[in-house]
Amino acid sequence: MLQTIAHYGCHILIPLLVAIVCYKQTWKTAFFIMIAGILIDLDHLVANPIFDPNRCSIGFHPLHSYFAILFYVFLLVPKKSRLVALGLVIHIFSDFVDCSFM
């Protein structure tokens with residue numbers, strides 16, 4: 001139960017906190033762009049089984065690979081891709097928190 005709360009709490013609360021603190025004027029837009037980072041979980045659809053509670057996403061699914069994570073970090077540099085990259089990096093961090101419970 002704590003694992004689920006920590007995992008999904010990170011997915012929602014960290015982007016909300018970053019949006020409110022760093023993007024005060026446009027926090028709602030920033031929040032929804034960062035929350036869209038959850039779309040990288042679509043790569044779970046190619047796994048068999050699709051959901052395995054004992055499987056760490058990081059390093060297993062294509063959009064959670066170490067190469068993809070490095071790409072997300074590089075996307076933090078250009079200002080135009082920063083919000084999307086923040087959402088992706090926060091998503092990966094949330095999955096890392098989830099994996100740390102295993």
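Predicted model: local features only at pLDDT ≥ 70, side-chain atom pairs only at ≥ 80, totals over all residues.
Residues count as buried under 20% relative accessible area, as exposed over 50%, and as partly exposed in between.

One disulfide was found in a search of the whole structure. The bond joins C56 and C99, whose sulfur atoms lie 1.9 Å apart. The torsion about the S-S bond of C56 and C99 is about 95°, so this disulfide is right-handed. C56 sits in the loop between α2 (27-35) and α3 (66-74). C99 belongs to helix α4 (residues 82-100).

C56 has a relative accessible area of 26%. This value lies between the 20% and 50% limits, so C56 is partly exposed. C99 has a relative accessible area of 14%. That is under 20%, so C99 is buried.

Two further cysteines were examined. For C10, the closest cysteine sulfur is that of C99. The separation is 12 Å, too far for a bond, because a disulfide requires sulfur atoms within 2.5 Å. C10 is buried, at 13% relative accessible area. C22 is likewise in no disulfide. The nearest cysteine sulfur to C22 is that of C10, 16 Å away. C22 is exposed, with a relative accessibility of 54%, a value over the 50% limit.

Note on methods. Residues numbered from 1 in each chain as written. Heavy atoms only, no water. Helix = DSSP H or I, 4+ residues; strand = E, 2+ residues; numbered from the N terminus. Buried < 20%, exposed > 50% of the residue type's maximum accessible area, 1.4 Å probe, protein only.
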